[in-house]
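Trainee: Hi! Could you walk me through this structure?

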Amino acid sequence: MNLRMFQIDAFTDRLFGGNPAAVCPLDGWLDDAVMQAIAAENNLAETAFFIPNGAEYDLRWFTPITEMDLCGHATLASAWVVFNELAPERQTVTFSTRSGNLVVRRDGERLVMDFPAKPAQPCEVPPALRDALGRAPEAVFAADDYMAVFASEDDVLALQPTMDALAQLDRRGVIVTAPGKRSDFVSRFFAPKVGIPEDPVTGAAHCTLVPYWSARLGKRHLHALQVSARVGELFCEDRGERVTIAGHAVKYLEGTIILS
């Protein structure tokens, strides 16, 4: 059995930036163990698999070690494949996922995703989180992930967290964020518990970041940078119970997986 695979750099308009995702369009689901093995072999933050469902698609995401409930950059990458390789006449695509229906539409050169908002609630600073990050944040919030807020972009860039310690925390991952110098806010994202020490660009984290920064800055439209080594650029809007997260994507490679 031969499978098509694309590798797409998401949330960037240049190769070797943003977050690379593998995308495998399928006619029907493979065994979960096979999809997990492909994701482990790819060794990217996420490998996306989708199958036709009527006029739309069912979509699943795998890290190298587990299946995820929500992934932004691999959804953006999957939409890029639909719009540019499978159905170039389309203007929108709907993916049925563990997190409900996710709609992606074209907006010029950008792709705009409609995701559920996941606001975080203030919490005490867990001592283990402070120790793992190596410095105390100004505040900590909790949703699916911990969100640690720092005073400046330089504080976020300087962090060198202890991954083994982060992996022991009781949340999926840790978002660190601060006001940006060239953007409304910056962030980084660490999720060693699910096999991603530092994710280059994390669309799903912005489901939590956008409500926070929208309220703090008093604006609905937000320009964000995820300041990993690869850097990602996101254009976001707070819509109450939903957020939109937009960005560019470029194709790095196209190939064939040979399953014998």
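This is a predicted model: local features need pLDDT of at least 70, side-chain atom pairs count only at pLDDT 80 or more; totals for chains, interfaces and linings use all residues.

Trainee: Okay, how far apart are the end C-alpha atoms of helix α2?

Mentor: They are 19 Å apart, which agrees with the 20 Å that its 14 residues, 73-86, should span at 1.5 Å a residue. The expected span is 1.5 Å times one less than the number of residues. Helices (H or I, at least four residues) and strands (E, at least two) are DSSP runs, numbered from the N terminus.

Trainee: And how many residues of α2 are buried?

Mentor: 11 of the 14, so the helix is mostly covered, with buried meaning under 20% relative accessible area (1.4 Å probe, protein chains only). Among them are His-73, Trp-80 and Phe-83.

Trainee: Switching to Val-104, where is that?

Mentor: Val-104 sits in strand β7, residues 100-107. Val-104 counts as buried because its relative accessible area is 0%.

Trainee: Which residues does Val-104 touch?

Mentor: Leaving out residues up to four places away in sequence, its contacts include Thr-75, Ala-79 and Phe-83, and those three are also buried residues of α2. Contact means heavy atoms within 4.5 Å.

Trainee: New topic: how many cavities are there?

Mentor: There are 3 cavities of 30 Å³ or more. On a 1 Å grid over the protein atoms alone, a cavity is a set of points where a 1.4 Å probe fits but cannot get out, and lining residues have an atom within 4 Å of a point. The largest cavity holds about 120 Å³, a volume being the space filled by probe spheres set on the points.

Trainee: Which residues lie nearest the centre of the largest cavity?

Mentor: Glu-46, Leu-70, Phe-189, Asp-199 and Thr-202, out of 17 lining residues. Strands β13 (185-191) and β14 (196-199) each give two or more residues to that lining.

Trainee: What about the second largest cavity, what lines it?

Mentor: That one has about 50 Å³ of space. Its lining includes Leu-70, Cys-207 and Thr-208. Cys-207 and Thr-208 are also buried residues of helix α6, which spans residues 206-217 and has 9 of its 12 residues buried.

Technical notes: Residues are numbered from 1 along each chain as its sequence is written. Side-chain values use heavy atoms; hydrogens and water are left out. Buried means under 20% relative accessible area, exposed over 50%, partly exposed in between (1.4 Å probe, protein chains only). On a 1 Å grid over the protein atoms alone, a cavity is a set of points where a 1.4 Å probe fits but cannot get out, and a pocket is an open set with protein on both sides within 12 Å along at least five of seven lines; lining residues have an atom within 4 Å of a point.
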